[in-house]
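Subject: Structure for you to look at

Hello,

Here is the structure I said I would pass on. Please open it beside this message and follow along; my notes come after it.

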Amino acid sequence: MPALKPRLLALALLPCCMTLQAAPLDQALDESQRLAEDAKASQARIEALDDETRKMLNEYRNAVQQAEALERYNAQLRELVEAQRGELASLDRQLQGIEQTQQAVTPLMSRMVEVLTEFVRADLPFLPDERADRIAELQELLPRADVSLAEKYRRILEAYQIESDYGRTLEAWRGELAAGEGEPRSVEFLRLGRAMLYYQTLDGHESGWWNPQTDQWEVLDSSARRPITQAIATARQQQAPAFLELPIRTLAKEAAR
């Protein structure tokens, strides 16, 4: 019996030893798990901080890009403002020049209208109403403040161009002929440039021309009727252009008479 006691004691102590050994192992496992969880939490915090850092970095880069874009835009605005200032200065100089030009051109335009009036008055008496109306419109246009200087000048040049075109065209029209003390008659007028002005009665029995020396209409002989009739038809595009033998009296011949 005494020999069994130590064995029983050993067997009794074995569970205690195993319990003592199991306790540190469990603690180690728990500590290891806690450390793992702490490490995982730390990694999560690191990743969160990394994401926040990247976000802040992207925001910073965007802010830098916007700042650079604003700087470029401001530089363009400064250039635009400088250009506009230069343009305003140029416009101011132009306005001053326009005022000076207007002071010089206005009398010139008035003189141009006067010269045109004198020229029409001294010219052959064709289209008197149309030409007189054109000059009257120019005379009314000159003092108007609501019409620009350029428009006035353009209208005057246009009138000069029309008068110039009369010198190289053949034209026929119907109008009233007032000759002598008799009643006005309806006739066909024919203008050969500004060299000659003819008329012919509607029945074709009488033809005449304007004598600039006497400022009167004179009757032509019967040989002029057919050429004038053909010329009137040509001017109205009623027949093809052809060689015409129209009676022409020079100023030298008239002066010698």
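**What was found**

Tyrosine 73 sits in helix α1, which covers residues 4-122. Please keep in mind that the model is predicted. With a relative accessibility of 46%, tyrosine 73 is classed as partly exposed, because that class lies between the limits of 20% for buried and 50% for exposed.

**The chain as a whole**

The chain has five helices and five strands. Their order along the sequence is α-α-α-β-β-β-β-β-α-α. The chain has 257 residues, and 22% of them count as buried. Its accessible surface is about 18,800 Å², and carbon and sulfur atoms account for 56% of that. If you take the contacts between residues at least 6 apart in sequence, 45% of them join residues at least 24 apart.

**The sheet**

How are the five strands arranged? They make an open sheet with antiparallel pairing, in the order β1-β2-β3-β4-β5. The edges are β1 (170-177) and β5 (216-219); each has a single partner strand, so one side of each has no neighbour in the sheet. On average, neighbouring strands are turned by 30 degrees against each other, direction ignored.

Strand β2 (residues 185-192) is joined to β3 (residues 196-201) by six bridges, and the two run antiparallel. Within this pair, leucine 190 is opposite tyrosine 198, and valine 187 is opposite threonine 201. β2 and β3 form a hairpin with three residues between them, and glycine 193 in that turn has a positive phi of about 60 degrees.

On its other pairing, β3 is joined to β4 by three bridges, again antiparallel. Here tyrosine 199 has glycine 208 of β4 as its bridge partner. These two strands also form a hairpin, with five residues between them; glycine 204 in the turn has a positive phi of about 75 degrees.

Is β3 buried or exposed? Six of its six residues are buried. Both faces are covered, with Met196, Tyr198 and Gln200 on one side and Leu197, Tyr199 and Thr201 on the other. Helix α4 (residues 225-235) lies across β1, β2, β3 and β4 (207-211), and runs at about 110 degrees to β1.

**Salt bridges**

Side chains of opposite charge can pair when their charged atoms come close. The structure holds 19 salt bridges.

One of them joins arginine 131 to aspartate 123, with the closest N and O atoms 2.9 Å apart. Both of these residues are buried. Another joins glutamate 163 to arginine 134, where the closest N and O atoms are 3.7 Å apart. Glutamate 163 is in helix α3 (residues 149-166) and arginine 134 is in helix α2 (residues 128-141), so this pair ties together parts 29 residues apart in sequence. Glutamate 163 and arginine 134 are both buried. A network of salt bridges links Asp123, Glu130, Arg131, Arg134, Glu163 and Arg194.

A further salt bridge is formed by arginine 144 and aspartate 146, whose closest N and O atoms are 2.8 Å apart. Arginine 144 is partly exposed, at 39% relative accessible area, and aspartate 146 counts as exposed, at 58%.

Regards

Notes: Residues are numbered from 1 along each chain as its sequence is written. This is a predicted model: local features need pLDDT of at least 70, side-chain atom pairs count only at pLDDT 80 or more; totals for chains, interfaces and linings use all residues. Side-chain values use heavy atoms; hydrogens and water are left out. Helices (H or I, at least four residues) and strands (E, at least two) are DSSP runs, numbered from the N terminus. Buried means under 20% relative accessible area, exposed over 50%, partly exposed in between (1.4 Å probe, protein chains only). Contact means heavy atoms within 4.5 Å. Accessible areas come from the Shrake-Rupley method with a 1.4 Å probe; for residues, only the protein chains shown count as cover. Two strands pair if DSSP finds at least two bridges between them. Axes are lines fitted to C-alpha atoms, for helices over the stretch in contact, and angles run from 0 to 180 degrees between N-to-C directions. A salt bridge is a side-chain nitrogen of Lys or Arg within 4 Å of a carboxyl oxygen of Asp or Glu.
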